[in-house]
Amino acid sequence: MARMLRAAADPRISRRTGAPTWLVVALACSGQFLVVLDVSVVNVALPSMRADLALGGSGLQWVVNAYAIAFAGFMLLGGRAGDLYGRKRMFLVGLALFTLASLGGGLAREGWELLAARAVQGLGAAVLAPSTLTILTAAVPEGAARARAIATWTAVGAGGGAAGGLVGGLLVDGLSWRWVLLINVPVGAVVLLGALRRLPESRAGDGRRLDLPGALLVTAGLGALAYGISQTEVAGWTAGATLGPLVAGLVLIGVFLLVEARTAAPLMPLGLLRLRSVASANVAMFLSGSAMFCMWFFMTLYAQNVLDYTPLEAGLALVPSSLAVVAGSKLAPRLMRGAGERNVAVLGTVVAAVGFGWQSTISVEGAYLTAIMLPGILMMLGAGLAMTPLAALATSGAEPGEAGLVSGLINTSRIMGGSLGLAVMSTLAAARTEGSAAVGADAGGPVALVEGYALAFRASAGVLVVGAVVMGVWLPRRVGVR
């Protein structure tokens, strides 16, 4: 990677900072790795967290979603802040906040303390993540070298999500669940020091203010929607406890759109969505994220709750999937040169859909090869193939002054889709599990759990099929088509 990126270095950046391009990209990717790792690293620790902090089923979901919703809701604000105040500055601020929140979460003694720390982690990640991509794209000129650099960024991010199971398993078995958060402290400190000394500064400041009301509205709207969906597990779809948050969430999202249409410096300029490459890639990323995000959640629960794997065994079981997502991300640029971004995105989504469909055939006596390894490889190989062209298409349509905004938007679409998708899939799985228990299976028993998990995988496969159709019809074939 170093040789490839050094050849494509931007001399202006290298002379100004003394940092070779490969090092700039490595630091940016390190930040991306950390924030994506924390989306998934807690999954194998969930049973231990539940026992230690007396969290319920919905509480476990919110350990993941408190992070994801804050991450998605404030990412547009983070991207715009990077454009206005400097990408390096926001990288440092976000990483420092993320690291401190990790320390707080690792020391939590009550469930609410853990959830609060996860939300603050998400806020730090939202400030940090958009800067990682804009720092990278500023360091590498547009063309084949940038496509490879974006593929590296995608592979590192995807690898962070994929490696979460293994890292979490090692830490939970060897130390305790607290170390899935505390490990971020020394790693974050090292990256913070390197970034402070070697990252270049860049900005596109124009004197405009940040749209804080817009960020608060969209975050509150997402949170209300996710909470309303999660309430269906205990209250049903027609109960006031469900309908109230759902309606409130929709109203808040509607008010957000009105504010964005009227404010002089919107968080998300709606005119940007008139660009075909930006609009189509973000819708596609939303659909893909809503299906793929929950894969690690349900796979680790299936491995531990049904197959009786230890946290470490569950993490090791997902290593082939981790390698597959990195391989897909690195293979994608080669395929993109010949087939075009759209075709590669569709191919990856179809491969992932096949994997999810296969995974939905799981059973109580599932064998590792056919119940975890092979379908997991297909799911994550497809994810790696699809994410790289979608990121390339989304960022190719932006003006330089909107680079941070568009980077934040594509990440927001992925995480927003994932957080709402997890809420929906968890609700479907819980409802099927309860229904199975009511007709004979023990409540929370392996048979009932498997039926719930299988339904979630089938629903995800269906979403991916819809996503593949949308991509084939709407995405431009190549970067540069607006």
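Helix α6 (residues 87-106) and α10 pack at an angle of about 165°, their axes lying 9 Å apart; here axes are lines fitted to C-alpha atoms, for helices over the stretch in contact, and angles run from 0 to 180 degrees between N-to-C directions. The two helices, α6 and α10, are therefore roughly antiparallel (angles over 145 degrees). Contact, meaning heavy atoms within 4.5 Å, is made by residues of α6 including Phe91, Leu95 and Phe98, and by residues of α10 including Gly188, Val191 and Ala195.

The model is a predicted one, in which local features need pLDDT of at least 70, side-chain atom pairs count only at pLDDT 80 or more, and totals for chains, interfaces and linings use all residues. Residues are numbered from 1 along each chain as its sequence is written, and side-chain values use heavy atoms, with hydrogens and water left out.

Asn184, Gly188, Val191 and Ala195 are the buried residues of α10 (under 20% relative accessible area, 1.4 Å probe, protein chains only). They cover an arc of only 70° around the axis, which puts them on the same side of α10; the arc is that of the directions from the helix axis to the C-beta atoms. Turned away from this buried side is a face with the exposed residues Val190, Leu193 and Arg197 (over 50%).

Overall, 59% of the 482 residues of the protein count as buried.

Definitions and conventions: Helix = DSSP H or I, 4+ residues; strand = E, 2+ residues; numbered from the N terminus. Parallel < 35°, antiparallel > 145°, perpendicular 65-115°, else oblique.
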